[in-house]
Amino acid sequence: MAGNYDIIVAGAGMSGSLAAAGAAKRGHKVLLLDKNKPEEPGKKTNWGWVCGDAVATSHLDFVSRHIGLNFGKPELDVRVDGVIAYSPDMQTKINFDGDGYVLDRPEFERKTRDYAIKSGAEYIPQFDVEGPIIENNYVVGVFGKDKDMRHTEFRAKAVVDALGVATTLRRRLPDGQFVDKVVDVDDLESTGRFIYDCEVTQEDPRYYDPKNALIHLNQNISPGGYGWVFPKAQHGRVNIGIGVQKSSLEIRNAKFGKKDTLHTLIDEYVRSIPNLKNPKLFNKDNNGKGYWSVAVRRNIECLVFNGYLGAGDSMAMPNPISAGGIGPALVAGILSGENAAKAVENGDVSTKGLWQYNVDFNSEYGKKMAAMEAFRVYLQSLNNNLINYGMAKFLSKKEAEDLAYGRTTELSMVSKMMMVLQGAANISAFKNLVYTVKKMKMFNELYAEYPATPEAFPAWREKVSKEIKDFKEKFKPNPI
Ligand SMILES: Cc1cc2nc3c(=O)[nH]c(=O)nc-3n(C[C@H](O)[C@H](O)[C@H](O)COP(=O)(O)OP(=O)(O)OC[C@H]3O[C@@H](n4cnc5c(N)ncnc54)[C@H](O)[C@@H]3O)c2cc1C
């Protein structure tokens, strides 16, 4: 036994460091644990920090507003005007307005971790959290191995799980009706990304744009996902990667008689960018090349259990369409730290005592995620031809932007469109889009009624699960 705390935060990534900072600022005795060495907080795996590192300014502003932490150089590597998504044939683009930054991720993580320490949290690096300590159906601490491989236990009134997608805490909670322990493999993207210095042989902003984050949709090169080229501050330096869905990749390989893997596809993607030549790994902090997973479903519907709260990737919070998980990790870090602190102050860390965190996260971020999951599933059912046609003909810029942000747009042109569209497959894809938008509305309405108490949760969750299951039955991955 190594000591008692008010709050333990497991994982010193961005969600964990902000949770620890927020709780410590309220005067609580907080312990922040991470498996990495002190100079590497937030490093997800031996492969590095593995991320596209793009984040909207609005999310950084949320952090400044809520806990007074401001960002600048060096952690904000470069500012971008927005995101531009290209169709597989590169003939259509959709601009998503809204500025943001591509981060120097290790610098960003060190800054948030340092802020947690400055705010009063005790930090123990090189501690491997192996599981929760559970007594009387409450999480009362964590156990694991310290840097000398000694079994160690820490106890606290509440534990925040910020361990990322491979969490050893959420998966080891007692079985029950509240926190889901399993994420379906079809709701995960396998991803690979490199940071390369390249020679820019000609200006072509469709492939490399120093002012925008580019997304390339192509079911052949990144089945069930997308490729990205995000600029870094130095001209020609890029964060480049792809995400693939396992079943889409299998279907694509079977149809083409190929044996491609994430590794072969990312190399092919890098080679396919015509104006970036002679890529050389930029390996600062040993973070040049890596592979990891990201969940792209609605966040786990209930984020709390007796003595337990989860934040960030441990709770499948990344946006189902963009896989952007930095924003929700920052938001959830702050809200979980604040709510853990309040529950400790109120002397009630039961599921009921922690419930307000569910309500707060849903209202700040989670409420649109089920609708976006539905839209993601629809997109994964389209091949390149249908995506090309759909991006060119189905939607205005505003409608596309609305859908990608989970807002359900009125497709007011429906009857007119049906007259204009050509080809049975295209018409069917458009009808499916109309159906998808209807379902997205339904999900948004369901989430607007997120249960105010745990008692109402099981019935609500059953409705959500049934609707998602039915939707996925209708739309199967069909990349080729
Ligand atoms: C390839 C890729 C590209 C992405 N691109 C983007 C993007 O461009 N924009 C965006 O917004 N999001 C992106 N994401 C998602 C984003 O990276 C994550 O959502 C974000 O890192 C989540 O932060 P977190 O703090 O919840 O978890 P993590 O960043 O995973 O941090 C978890 C921390 O817990 C530690 N830890 C884990 N297990 C243990 C253990 N057993 N014991 C002790 N410590 C442990 C880890 O070492 C780490 O320090 C991408 C993800 C991937 C994989």
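Helices here are DSSP runs of H or I with at least four residues, strands are runs of E with at least two, and both are numbered from the N terminus.

Before going on, this is a predicted model: local features need pLDDT of at least 70, side-chain atom pairs count only at pLDDT 80 or more, and totals for chains, interfaces and linings use all residues. Residue numbers start from 1 along each chain as its sequence is written.

Back to the pair. α8 covers residues 369-379 and α12 covers residues 424-448; their axes are 8 Å apart and the packing angle is about 160°. Axes are lines fitted to C-alpha atoms over the stretch in contact, and angles run from 0 to 180 degrees between N-to-C directions. The two helices are therefore roughly antiparallel, a label for angles over 145 degrees. On the α8 side, the contact includes Ala370, Ala374 and Phe375, and on the α12 side it includes Leu433, Met440 and Phe443. Contact means C-beta atoms, placed from the backbone, within 7 Å.

How does α9 meet α12? α9, residues 384-393, has its axis come within 10 Å of that of α12, crossing at roughly 65°. That makes α9 roughly perpendicular to α12, the word for 65 to 115 degrees. This crossing is right-handed. Leu386, Tyr389 and Gly390 of α9 touch Ala425, Asn426 and Ala429 of α12.

Next, α6, residues 326-346. From first C-alpha to last, α6 reaches 30 Å, close to the 30 Å expected for its 21 residues, where the expected span is 1.5 Å times one less than the number of residues. Of those 21 residues, 18 are buried, meaning 20 or more other C-beta atoms within 10 Å; exposed means 12 or fewer, and partly exposed is in between. Just after α6, Gly347 takes a positive phi of about 70°.

Last, the loops. Most residues other than glycine have a negative phi, and most peptide bonds are trans. Asn137 is not a glycine, yet has a positive phi of about 65°; Asn137 sits in the loop between β7 and β8. Met149 also has a positive phi of about 65°, and is in the loop between β8 and β9. Met149 counts as exposed, with 8 C-beta neighbours inside 10 Å. Finally, Lys73 and Pro74 are joined by a cis peptide bond, omega about 5°.

Definitions and conventions. Angles under 35 degrees count as roughly parallel, over 145 as roughly antiparallel, 65 to 115 as roughly perpendicular and the rest as oblique. Two residues are in contact if their C-beta atoms, placed from the backbone, lie within 7 Å. A crossing is left-handed if the near helix is turned anticlockwise from the far one by less than a right angle, and right-handed if clockwise.
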